[in-house]
Amino acid sequence: MEELSGYWEGYFIYGLGYELPFFGEKVKLFAELEFKDGEITGHHREEKGPFSTGKTVRFSGFWEHNMVSLTVHYTNNDVILEDGFTTENLEHEFDVTYNGNLNLQKKAITGLWFMENEMDGALDLEIPVAEGLWMLRKAKKPKSDFDYSLLGL
């Protein structure tokens, strides 16, 4: 599976837990994945948006046959306040899990991401469960105008 290691591009879509105008919106993802001995490690960066950090973050996970599972841990991110648009940087942590299917012929992963409503930190907020679709496909460096040096490569 080491031929799958390298640069990947794709997106995630805001799904359940988000209201219009955000529901159904795509956010670009750029990643470097390393497939080795059933484990997947790497970094990913998402396009900055109202509910996306724009940060480069590490993730870890595994693959077994055609199943993939990745977890991204976020810390100290902007929080959308009650008006739905204003952000404030508050200390908190949360995980987003990406589960999907690996298509070896197309060198693509598609699946469902989810974030449970548990957030660790000093926030007194009720965060709804959120989920949506995601997709990554193997890319050559650089396929897009994304600056891969932001990933520390």
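Tutor: A residue is called buried when its relative accessible area is under 20%. That cut-off will be applied here to a predicted model.

Student: Is Thr97 buried or exposed, and why?

Tutor: Thr97 is buried, because its relative accessibility is 14%, which falls under the 20% cut-off. Thr97 lies in strand S8.

Student: Which residues is Thr97 in contact with, leaving aside its neighbours within four places in sequence?

Tutor: Thr97 is then in contact with Ser69, Leu70 and Thr71, and also with Leu112, Trp113 and Phe114.

Student: Which members of the largest nonpolar core touch the most other members?

Tutor: This core holds 29 residues, and those touching the most other members are Trp8, Leu33, Phe35, Tyr98 and Trp113. At least two core residues come from each of strands S1 (6-13), S2 (26-36), S4 (56-64), S5 (67-75), S8 (92-103), S9 (108-115) and S11 (130-138). The largest share, 5 residues, is supplied by S2.

Student: Which residues line the largest cavity?

Tutor: The lining consists of Leu29, Ala31, Leu33, His44, Phe59, Leu70, Val72, Tyr98, Trp134 and Leu136. Of these residues, 9 are nonpolar, 1 is polar and none is charged. Strands S2, S5 and S11 each supply at least two lining residues, and the largest share, 3 residues, comes from S2.

How values were computed. Residues numbered from 1 in each chain as written. Predicted model: local features only at pLDDT ≥ 70, side-chain atom pairs only at ≥ 80, totals over all residues. Heavy atoms only, no water. Core = buried A, V, L, I, M, F, W, Y, C linked by side-chain atoms within 4.5 Å. Buried < 20%, exposed > 50% of the residue type's maximum accessible area, 1.4 Å probe, protein only. Helix = DSSP H or I, 4+ residues; strand = E, 2+ residues; numbered from the N terminus. Contact = heavy atoms within 4.5 Å. 1 Å grid on protein atoms, 1.4 Å probe; cavity = no way out; pocket = protein on both sides within 12 Å on 5 of 7 lines; lining within 4 Å. Nonpolar A, V, L, I, M, F, W, Y, C, P; charged D, E, K, R; others polar.
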